[in-house]
Amino acid sequence: MTVQVSTELGADWATRYAGACRDHYRRVLLDIARADPRVICVDSDTGGLEDGFAAQLPDQYVNVGIAEANLMGVAAGLAATGRIPFVNTISSFAATRACEQLKIDVAGNNLPVKVVVTHGGLSGGHYGPTHHALEDMAIVRTLPHLTVVVPADAAETERAVRAIVSTPGPVFLRLGRSATPLVHERPYEFRLGEAVTVRSGDDVTIVATGPYPVHFAVQAHERLAERGISARVLDLHTIKPLDEAAIVAAASQTRGIVTVEDHLRIGGLGGAVAEVVTEHRPCPVRRIGVADGFHDEVGSELELLTVAGVSVERVVAAAAAL
Amino acid sequence: MNLDDLAGRRWTIRERILRMGASPTGAHVGGSLSAADILTVLYGAVLDVRPENPQWPERDRFVLSKGHASAALYAVLAEFGFLDPAECDTYGQAGGRLAGHPLRRLPGIEFPTGSLGHGLSLGVGLALGLRRAAASQRVFVLLGDGELQEGSVWEAVMAGSHLGLGNLTAIVDRNGWQISGTTEECLALEPLADRWRAFGWHTFEVDGHDLASLHGALTAAPGDGPRVVLARTIKGSGVPMFENRKKSHYVTMNPALHQRALAGLRTRSRM
């Protein structure tokens, strides 16, 4: 499905998509909800939606407070009465605290609940490990019927949010918290389940998901080019269903694959890509991600990623060694 | 349907529960028998549902939050036309539809349940969705008493009263037992009525085996907030050898035991 994005909303591309994915999501949600009365914003005291969304569309808003297990169940109940609930919480609370309700009540029943989470990966920065989510993708990509989407920037967030409204089943949309670089520099085709080729290349492939990982992959492409290495860069925004064709093509057409993610090296994008190539087209795979462990260093998102070994330098080194 | 008619059917429903308990897998017989009269009144005289069209959009909604009482639900669904009574003989069998905890693909099942602490949240969502659509249907959720030890239940209890869901009724099967003993030994629930009242729910306390009392509480005119019916029940109700016995929680019966249980049931049904 191709997503139509109105160009009337704003300004030039870079101005329109500056800022945090989270803020852009909230603007787009309001826009969608105005046009579709089935959409209901289900809040869990995330902060800000009560002044923004609720002030504009009070009849399409409910706040269930700091109670994430109940949040998922209420959303499932609402969906069973014909609503399209957009559930708002932090990734760790959705994927781990309320995992069972997400699994059984939302995903198991294949209901059109759109779980939109912030603080994916290390984007919680200085808030610390209670507000980081480094295992969320590994968990949610095992859940039945669930589409899992990780936009790389605000432009992709808009396209993803507009696409998931009309997806019949449940969705887990993983966002960060703070502003991240714009990686898509011009209008492009976005389709759920299809990787975006951000840079073409024939020697190696870098597959990335999420804001900084895709940004690092694009930077690595430039540096590798200086060394005479042509690196294909795929923005794999949909973790489930996975674009197996794009991965198999990369495994067939290039020397190997480097995966990049703001997530544990266990079970996330790297794991998913490795599963596909192992079965369909074995090739070298190097996984750039966060090492196993409980990460309680203090720092910004970018600093924590660097400490964890998710950086342009690591991507370049891994790709050059393939 | 009048309550005198239901008074006879409640024993047929119990016989059917025992039959599932005598299946190779056994069943949660104690908690099914304690819930039998509640479910009988709900399906026989309270819920506005259509067995010939289980997905009828105007239907009242029911969620069996204590999903382990599936044998009671199947027995009742069979009694009131949602299932062919013969299908109860497929309980627990490979390829069948009757699992130990109910599945959504069964007619009349709104949500699959069995993991405790989920059902009331689902009920809050259903009630909120129906109210926002200005629909007049009601939502009923049957919980176990041991289930109230799950914290998520109290998240939903808070939401129900905060949102003023007058179309929502919770029913607690207060049989007093859980697997490891009485609720009060394991993790005390009393003073249970005071707790629900403190959380802002209209609280009714009834004899959960008295059909008229159950009917009265479940059909009282909806008010400005949610209500809870605390139904005092007997675990294993109707079968003397199972009544108020810890071991009746999950029962597997050989043919001899099954006959003994049925004989006990008949002494009660003739009383």
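In this predicted model, strands β11 (residues 257-264) and β12 of chain A run parallel and are paired through 5 bridges. Within this pairing, V258(A) faces R286(A) of β12(A). The two strands also belong to a β-α-β unit: β11(A), helix α11 (residues 269-280) of chain A and β12(A) together form a right-handed arrangement of this kind. Strand β12(A), which spans residues 285-290, has 5 of its 6 residues buried, so the rest of the structure largely encloses the strand.

One of the residues involved is K114(A), whose bridge partner in β6(A) is V171(A).

A loop of chain A leads away from β6(A). Between β6 (171-174) and β7 (196-199) of chain A lies the loop that carries Y188(A).

The next part of the picture is where the two chains meet. Here 21 residues of chain A touch 21 residues of chain B. On the chain A side, the elements that contribute two or more residues are α4 (68-79) and α6 (99-108) of chain A. The largest share of that side comes from α4(A), with 8 residues. By class, the chain A side consists of 10 nonpolar, 7 polar and 4 charged residues.

Turning to chain B, helices α1 (residues 3-21) and α2 (residues 29-46) pack with their axes 9 Å apart and at an angle of about 145°. The crossing of α1(B) past α2(B) is right-handed. Among the residues that make the contact are L6(B), I13(B), I17(B) and L18(B) from α1(B), together with L33(B), A36(B), V41(B) and A45(B) from α2(B). Charged residues take part as well, including R9(B), R10(B) and R14(B) of α1(B) and D37(B) of α2(B). In total, this contact comprises 10 nonpolar, 4 polar and 4 charged residues.

Helix α2(B) has a further partner in helix α3 (residues 70-79) of chain B: the two axes come within 7 Å and cross at roughly 35°. This crossing, too, is right-handed. From α2(B), the residues V29(B), S32(B), A35(B), A36(B), L39(B), T40(B) and Y43(B) meet A71(B), A72(B), L73(B) and V76(B) of α3(B). The contact of α2(B) with α3(B) has 9 nonpolar and 2 polar residues, and no charged ones.

How many of the residues of α3(B) are buried? The count is 9 of the 10, so α3(B) is largely enclosed by the rest of the structure. Y74(B), L77(B) and E79(B) are among the buried residues. The buried residues of α3(B) pack against α1, α2 and β1 of chain B. After α3(B) comes G81(B), which has a positive phi near 90°.

Strand β1(B) leads on to the sheet of chain B, an open one of 5 strands with parallel pairing in the order β1-β2-β3-β7-β6. At its edges stand β1 (61-64) and β6 (202-207) of chain B, each with a single partner strand, so each has one side without a neighbour in the sheet. The twist from one strand to the next averages 20°. Strands β3 (residues 168-174) and β7 (residues 227-232) of chain B pair in parallel over 6 bridges, and D173(B) stands opposite A231(B) of β7(B).

Helices lie across this sheet. Helix α4 (residues 119-132) of chain B covers β1, β2 (139-144) and β3 of chain B and runs at about 170° to β2(B). Helix α8 (residues 211-219) of chain B lies across β3, β6 and β7 of chain B, at about 165° to β6(B).

Notes
Residues are numbered from 1 along each chain as its sequence is written. Chains are lettered from A and ligands numbered from 1 in the order in which they are written. This is a predicted model: local features need pLDDT of at least 70, side-chain atom pairs count only at pLDDT 80 or more; totals for chains, interfaces and linings use all residues. Axes are lines fitted to C-alpha atoms, for helices over the stretch in contact, and angles run from 0 to 180 degrees between N-to-C directions. Helices (H or I, at least four residues) and strands (E, at least two) are DSSP runs, numbered from the N terminus. A crossing is left-handed if the near helix is turned anticlockwise from the far one by less than a right angle, and right-handed if clockwise. Two residues are in contact if their C-beta atoms, placed from the backbone, lie within 7 Å. Ala, Val, Leu, Ile, Met, Phe, Trp, Tyr, Cys and Pro count as nonpolar, Asp, Glu, Lys and Arg as charged, and the others, Gly among them, as polar. A residue is buried if 20 or more other C-beta atoms lie within 10 Å of its own, exposed if 12 or fewer, and partly exposed in between; C-beta atoms are placed from the backbone. Two strands pair if DSSP finds at least two bridges between them. A crossover is right-handed if, with the strands pointing away from the viewer, the path from the first strand over the helix to the second runs clockwise.
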